[in-house]
Amino acid sequence: MSAPQRPVPEFDDVTTAFWEACARHELLLQTCSSCGVVRHPPRPVCPSCLSWDYTWKPASGRGRVWSWVIAHPPVLPAFADKTPYNVAVVQLDEGVRMVGNLVDVVNDEIRDGMPVEVAWEDVEDGVTLPQWRPI
Amino acid sequence: MNEYPRDAAAIVGIGHTEFSKDIGRPERTVALEAITAALADAGVSPHEVDGLVKFSLENTMEVEIARNLGIPNLTFFGDVAYGGGAGCGAVGHAAMAIAAGVAETVVVWRARNRGSGGRPWATRGTNRVGGEFAWFLPWGLSRPVDQIAMLTRRHMIELGSTQEHLGAVATAFREHAQRNPNAMMRKPMTMEDYLAARWVSEPLRLFDCCLESDGALALVMTTPERAKDLKQPAVLVCAASQGIGPDHLVMANYFTANPMETPARFAAQELWRLAGMGPDDIDCAQFYDAFSPLVIISLEEYGFCKPGDGGPFAAEGNLRLGGALPCNTSGGSLSEAYVHGMNLVLEGVRQIRGSSTSQVDDCNALLVTSGNGVPTSSLVLRKP
């Protein structure tokens, strides 16, 4: 029996550019062409100025740990061999937050505000997840 | 804006099935049992029902209820979304229908075999996840407990809540459950027991999590005028509110400017405005407690405590019967049953009637809240 499949993001009309960049190991942030507000998760309309025009700008790839959990069993079968595993929310230098796993870290040593940089995990053909490594 | 129709509807009947891990009957059956029991409690015939309000997640449709109970026609029916956030909103929608005169006798119900029926987060058919789920499921932030644990950790960092604060919530509600013969968890639990339990998603342990239950609950609502002629003492819906707040992402609401400003804060501001009262006027509260930290957060968001003071307030014993604000007096979702919070609404009705197994003296006004971390809702119930 093959290993249970890990959930992977479905790309849509707006998010395809984000995920395709991840597959190239580039972290992009959706930026309003009209008012310059950076927004994440991506969406079609700028909630600040209602513009439909946006560009994708390279992110610094740096941020700080904002919160984290350590998941213990029972978890989804796809994650069962990873327990106990961490999931964090990272606040990027640009101000937006992203969910990710902290890599190359001991779970007990995770701290609030810990500086991190983006790392890449290729999970299947064409799908790469941004992850975060302490610096 | 029009003037809000305060106290324009009354809850006149309540009913429920037993609560268990495996009730052995399908959701349609337990829904019909609970509704029938609520109508009998009210002394109202199904033939008089002209409105039904349900949770969007309900698996039994209105037509199925109507054709089984012989309801001749429905002039009002609708549902409220966002899982556990819906309950007080559903009661609020029913109250608005009654106030507007589009229905006179409305039933609200929730039937859910969540104990035997499996875990919704584990039974997704595909590994492709779209919409909001794309931004947290791929990293294994899969279970509701993981999603609320993330918010809890941040509350601990910013506002100083602790393990022992969470334990004070769980142990207080267990005490209340011990007096409730319908509660699923009636074994005594000390703080030591609480702290010795296994982690589920750090910083949350086993007894920070609600039960997995099968069961159904229903209530009957009508005009305050008609309520005077019915069997039970009327319980007025003083006010009901809903709230979401800005830039919300369901369950994983970490992307807004200040995630410590939860949907409950917005529902609370609106509730106190509509009710024309505030936290000081409330004698008892039933806070949505799918996870213990939601109670501490709600104490703060509804204004009973300043941000950061909810945990110490709980640790001082204030949530227990006899405390400053007795909460979740049936045992709540943590120790009575988890049926998306509908048991909290029914317990609110019992407190106002004076028939709770952990009755608060002179309970004149009471708060009920629905799930937070999702679009939420709340109610003030009171005596006529």
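A: Strand β1(A) and strand β5 (residues 128-129) of chain B are joined by 2 bridges and run parallel. Strands here are DSSP runs of E with at least two residues, helices are runs of H or I with at least four, and both are numbered from the N terminus. Two strands pair if DSSP finds at least two bridges between them. Val8(A) has Arg128(B) as its bridge partner in β5(B).

The model is predicted: local features need pLDDT of at least 70, side-chain atom pairs count only at pLDDT 80 or more, and totals for chains, interfaces and linings use all residues. Residues are numbered from 1 along each chain as its sequence is written, while chains are lettered from A and ligands numbered from 1 in the order in which they are written.

Now the wider contact. Chain A brings 31 residues into contact with 29 residues of chain B; contact means C-beta atoms, placed from the backbone, within 7 Å. On the chain A side, β1 (8-9), β5 (62-71), β6 (85-92) and β7 (97-100) each give two or more residues. β5(A) gives the most, with 6 residues. By class, this side has 18 nonpolar, 7 polar and 6 charged residues. Nonpolar covers Ala, Val, Leu, Ile, Met, Phe, Trp, Tyr, Cys and Pro; charged covers Asp, Glu, Lys and Arg; the others, Gly among them, are polar.

Next, pairing within chain B. Its open sheet of 9 strands has mixed pairing and the order β3-β2-β4-β8-β1-β9-β12-β11-β10. The edge strands, β3 (76-80) and β10 (284-286) of chain B, each pair on one side only. Inside the sheet, β4 (residues 106-113) and β8 (residues 214-222) of chain B are antiparallel over 8 bridges. One pair is Arg112(B) with Gly215(B) in β8(B).

Finally, the core. The largest nonpolar core has 154 residues, and Val108(B), Leu219(B) and Leu381(B) are among those with the most contacts inside it. Such a core is a set of buried Ala, Val, Leu, Ile, Met, Phe, Trp, Tyr and Cys residues joined through C-beta atoms within 7 Å. Buried means 20 or more other C-beta atoms within 10 Å of the residue's own, with C-beta atoms placed from the backbone. Leu381(B) touches residues including Val235(B), Val237(B), Leu366(B) and Val368(B), not counting residues up to four places away in sequence.

Terms used
Buried ≥ 20, exposed ≤ 12 C-beta atoms within 10 Å, placed from the backbone. Contact = placed C-beta atoms within 7 Å.
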